[in-house]
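Dear colleague,

Please find below the structure that I am handing over to you, together with its sequence. My notes on it follow.

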Amino acid sequence: MDQVKNVGAHLQGAISYTTSPVHTTETFIEMAKELYASECDSICIKDMAGLIMPDATHNLITGIKKAVDIRVCLHSHSTSGIAP
């Protein structure tokens, strides 16, 4: 991360989205705060299994945007057919 910042490149932190009893909106927001503290320029939520539902997406992105002033994007695969 330091080297990316040293050369002036865009540093994007990533959060791997999944569902489990320990992976909550609040824990993902805490991860976003850690990435923000590491001086990331943006955060990408990676939903590689296509699990994130519309309400969860809204709650997560809204929560991150309230917690940190950083650009947030979502990358979702269509394994479940939800992504489109």
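In these notes, buried means under 20% relative accessible area, exposed means over 50%, and partly exposed lies in between (1.4 Å probe, protein chains only). This is a predicted model, in which local features need pLDDT of at least 70 and side-chain atom pairs count only at pLDDT 80 or more, while totals for chains, interfaces and linings use all residues. Residues are numbered from 1 along each chain as its sequence is written, and side-chain values use heavy atoms, with hydrogens and water left out.

I begin with E39, which lies in the loop between α2 and β2. Helices (H or I, at least four residues) and strands (E, at least two) are DSSP runs, numbered from the N terminus. E39 counts as exposed because its relative accessibility is 52%. Although E39 is not a glycine, its phi is positive, at about 70°.

Helix α2 itself covers residues 25–37. Its 13 residues reach 18 Å from the first C-alpha to the last, close to the expected 18 Å, where the expected span is 1.5 Å times one less than the number of residues. Four residues of α2 are buried, namely F28, I29, A32 and L35. Seen down the axis of α2, these buried residues fall within an arc of 115°, so they line one face of the helix; the arc is that of the directions from the helix axis to the C-beta atoms. On the other side of α2, E26, E34 and A37 are exposed. The cover over the buried residues of α2 includes β1 (12–16), β2 (42–47) and α3 (54–67), with contact taken as heavy atoms within 4.5 Å.

The next point is the largest nonpolar core, which has 16 residues. Such a core is a set of buried Ala, Val, Leu, Ile, Met, Phe, Trp, Tyr and Cys residues joined through side-chain atoms within 4.5 Å. The members that touch the most others are I15, Y17, I43, I45, L60, I64 and I70. At least two residues of this core come from each of α2, β2 and α3, and α2 gives the largest share, 4 residues. Leaving aside residues up to four places away in sequence, L60 touches Y17, T25, F28, I29, I45 and I52.

Lastly, V4 is placed in helix α1 (residues 2–6) and counts as partly exposed because its relative accessibility is 28%. V4 and C40 are 36 residues apart in sequence, and their C-alpha atoms are 9.7 Å apart in space.

With kind regards
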